[in-house]
Structure formats: structure tokens, C-alpha cells
Amino acid sequence: MEEKILSIIIPVYNAEKYIKNILHKLDKQITDKIEVLLIDDGSKDKSLEICESYANSSNNFKVSHQQNSGASAARNRGIELAKGRYIVFIDSDDDITNDYIKTVCDLCDDTNADIIQLDSYIVKNGNEKYVAVGLEEGVHDVDHYCKFVLKQTTNPPWNKIYKNDIIKKNKVYFDVNMVMGEDISFILEFLKYINSAYVCNCAIYKYMQNSEGLCSNVTEEYLSDLDILYSKMESFIKYKKLEVDAYEIMNESMLRSVFRAVGLAVGNGSSKKEIRGNIKESNNLKKLLLYHYDNKMDIIRKYMLLADFYRLISFLIGYKQKR
């Protein structure tokens with residue numbers, strides 16, 4: 001049997017309104033060296049029926065059905081089934097360019113890197129915006145790339161290409177107990193075991209931003225996930241033996257994540273008492289508010305959190321979201 005270059009993993013849940021678009025795009029580009037793994041996560045609409053219709057017409061599409069367990073569990077099921085040399089993740093409501101598969105396969109063959117980082121597009125209200133990851137194209141020092149990831153500016157799993165044998169050998173999976181931060185948690189675990197990183201300044205993935213996404217569901221309970229993420233970041237830095245500036249990068253990025261989560265939670269109805277209680281119960285989040293920051297905006301963020309200016313934080317985050 002010919003080796004598969006690429007396994008494309010797509011978690012699917014009640015996606016009948018848009019799943020046909022991504023499947024049609026993939027079907028037009030697919031070759032026998034590609035497999036598309038459609039993991040239906042207990043859909044209650046016609047998503048499973050649509051996925052099965054593609055699987056029935058092409059051996060390159062494969063469908064697995066499970067009880068509703070969340071996107072992380074669906075991605076983990078895809079990882080278990082993946083036979084490709086590399087793995088990529090696509091969300092069912094997003095879009096890709098017409099040269100997506102060719103570009104990914106060429107990068108896999110040409111670089112043979114353990115992880116390949118890409119730029120992307122964000123599409124909001126019909127407007128398409130190019131998002132550069134902020135690293136020069138080419139081979140990057142692994143420690144330098146790891147520090148870059150700690151900044152949390154490239155969290156999504158879909159703008160990267162992962163070598164499958166590293167995932168399988170080290171049993172790298174998404175944390176099904178996390179709702180916020182599970183993406184970067186997966187990436188950090190994967191990065192523990194890599195020896196090479198490559199950046200390509202091209203965008204072939206289109207993230208469709210909508211108001212019904214994760215941000216509209218953020219509550220004060222998400223702060224518990226950020227507490228877990230802080231511990232995982234600390235563990236990662238120690239495992240990789242990164243230089244001391246990695247801790248500064250971690251604290252700055254985590255402070256900004258907490259600031260944003262608090263703002264979104266208040267906007268979604270969480271009370272000051274609930275938020276304050278979650279922060280006080282977390283030793284990690286309390287450490288963030290004791291840390292000395294040099295960046296002026298981080299100093300202001302820290303002060304606003306210490307002063308319980310949660311409604312003002314919510315206003316600022318809401319204003320930024322609308323821009």
C-alpha cells in the first residue's frame with residue numbers, strides 16, 4: 001500500500017450548513033496520497049449523512065462516528081486513525097485555498113520538518129484579512145520557535161503541520177478536560193519532542209470568525225483552564241530547559257489571556273464575586289498578579305485586575321472585539 005503523505009482531521013458537529021463547502025474543496029484537490037478523516041461528534045443534523053456520502057464516493061474520505069464528546073475528543077480519535085506521514089487539522093466551518101493540499105504536501109516533502117508553521121487568513125463579515133505569524137520564512141532554531149509559541153500569538157492547531165510519528169510515539173493528545181487553552185496545550189506537548197521547525201510565509205487556511213464561537217461562551221470557570229495552562233507552560237519550560245526569558249514571555253502572555261478571559265466572562269454575565277473567587281483559588285493566577293512587568297500595558301492590565309476593574313476590562317475587550 002502506498003504511504004499516505006497527509007492525514008487531514010476534521011471534527012464535525014452539527015455542521016450541515018457549511019460542511020459541504022470544505023468537503024467539496026478537498027474533493028477537488030485530493031490525491032491517493034491523502035486521507036480525510038471525518039470524525040462525527042454525535043451530530044443531530046444531517047452532518048453524518050453528508051460525510052458518509054463523500055466516503056461512499058471516494059476511498060480517500062473516511063468517517064468515524066462517536067457520541068458527543070467535544071472537539072478535542074474528536075481530534076484525538078482522528079489522531080488514532082491517522083496513517084499519514086503528517087497530520088493537519090481543519091475545522092468544519094472554515095475554508096481553504098484551492099492549492100491547500102498541494103502546498104501542504106510540497107512543504108512536507110521539501111522540508112521534512114517536525115513542525116511547519118504557516119500564515120493564515122481571518123474572514124469576518126465577508127472581509128478577508130491576511131494574518132502573518134511574524135516569523136521569517138525558513139528553518140528556525142527549536143528553542144526560539146518554542147519561545148515564540150509561548151507568546152500565544154499562534155495558538156490554533158490549523159495553521160501548523162505536524163509529523164505524525166512524533167505524535168504517535170509520544171502519545172500527544174488534546175486535553176479533553178480543557179475548554180480554553182487546549183490548543184496550545186497540545187502544541188506545547190508536541191514541541192517537547194521535536195528537533196526541527198520550519199516557517200512558511202504563505203496562507204492557505206481561512207478561519208471564519210463569527211460571534212457564535214468560543215468567546216460568546218466564556219465564563220469565570222474558564223479561568224480554571226488558564227490555571228492548568230500556566231502549570232503546563234512552566235512544566236514545558238523546565239522540560240525544554242529554556243533560558244530564563246521564557247518565564248517572562250510566559251507571564252506576559254498568561255496575564256493577557258487572563259485579562260481577556262475576565263473581560264469576556266463579565267460580558268457574558270459572570271459576576272465580580274465569581275471572577276474574584278476563581279482568581280483567589282488559583283495560586284498560578286495569583287502569581288501573575290505579583291509578577292513584575294516591564295511593558296506599560298501589562299502594568300496597566302495587572303493594576304486593573306488587582307483593583308477588580310472587571311467591568312472596565314469587559315468594555316475594553318468588547319471594544320477590541322468589535323474593531
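A: F236 is buried in this predicted model, since its relative accessible area is 1%, against a limit of under 20% for that class. The residue is found in helix 8. Leaving aside residues up to four places away in sequence, F236 touches C146, L150, L188, L191, K192 and L242.

The axes of helix 5 and helix 8 (residues 222-240) come within 12 Å and cross at roughly 170°. An angle over 145 degrees counts as roughly antiparallel, and helix 5 and helix 8 are therefore roughly antiparallel to each other. Helix 5 contributes V142, D143, C146 and L150 to this contact, while helix 8 contributes M233, F236, I237 and K240. By class, the residues of the contact divide into six nonpolar, no polar and two charged.

Helix 5 also packs against helix 7. For helix 5 (residues 142-150) and helix 7 (residues 182-191), the packing angle is about 165° and the axes are 11 Å apart. This angle is likewise over 145 degrees, so helix 5 and helix 7 are roughly antiparallel to each other. The crossing of helix 5 past helix 7 is left-handed. From helix 5, the residues Y145, C146, V149 and L150 meet I184, I187, L188 and L191 of helix 7. The residues of this contact divide into eight nonpolar, no polar and no charged.

Some residues link these descriptions. C146 and L150 take part in the contact of helix 5 with helix 7, and C146 and L150 are also named in the contact of helix 5 with helix 8. On the side of helix 7, L188 and L191 meet helix 5, and L188 and L191 are also touched by F236.

Helix 7 holds a charged site as well, namely E182. E182 is buried, because its relative accessible area of 13% falls under the 20% limit. Beyond residues up to four places away in sequence, E182 touches S72, F174 and D175. A C-alpha to C-alpha distance of 25 Å separates E182 from V244, and the two are 62 residues apart in sequence.

Helix 1 (residues 19-29) and helix 2 (residues 47-57) have axes that come within 10 Å and cross at roughly 15°. Since angles under 35 degrees count as roughly parallel, helix 1 and helix 2 are roughly parallel to each other. Helix 1 passes helix 2 in a right-handed crossing. The residues I19, K20, L23, H24 and D27 of helix 1 meet I50, C51 and Y54 of helix 2. Their classes are five nonpolar, one polar and two charged.

In the strands, S7 provides a buried polar site. S7 is placed in strand 1 (residues 6-12) and is buried, with a relative accessible area of 0%. A polar atom of the S7 side chain lies 2.7 Å from the backbone nitrogen of G84. With residues up to four places away in sequence set aside, S7 touches E35, L37, A82, K83, G84, Y86, I87 and V88.

N125 is not a glycine, yet it has a positive phi of about 55°. N125 lies in the loop between strand 6 (115-124) and strand 7 (127-131). With a relative accessible area of 71%, over the 50% limit, N125 is exposed. D308 also has a positive phi without being glycine, with a value near 60°. The loop that holds D308 runs between helix 12 (296-306) and helix 13 (310-322). Whereas N125 is exposed, D308 is buried, with a relative accessible area of 17%.

Key: Residues are numbered from 1 along each chain as its sequence is written. This is a predicted model: local features need pLDDT of at least 70, side-chain atom pairs count only at pLDDT 80 or more; totals for chains, interfaces and linings use all residues. Side-chain values use heavy atoms; hydrogens and water are left out. Axes are lines fitted to C-alpha atoms, for helices over the stretch in contact, and angles run from 0 to 180 degrees between N-to-C directions. Helices (H or I, at least four residues) and strands (E, at least two) are DSSP runs, numbered from the N terminus. Angles under 35 degrees count as roughly parallel, over 145 as roughly antiparallel, 65 to 115 as roughly perpendicular and the rest as oblique. A crossing is left-handed if the near helix is turned anticlockwise from the far one by less than a right angle, and right-handed if clockwise. Contact means heavy atoms within 4.5 Å. Buried means under 20% relative accessible area, exposed over 50%, partly exposed in between (1.4 Å probe, protein chains only). A polar contact is a pair of N or O atoms within 3.5 Å; within protein, one must be able to donate a hydrogen and the other to accept it, and residues adjacent in sequence count only if both atoms are side-chain atoms.
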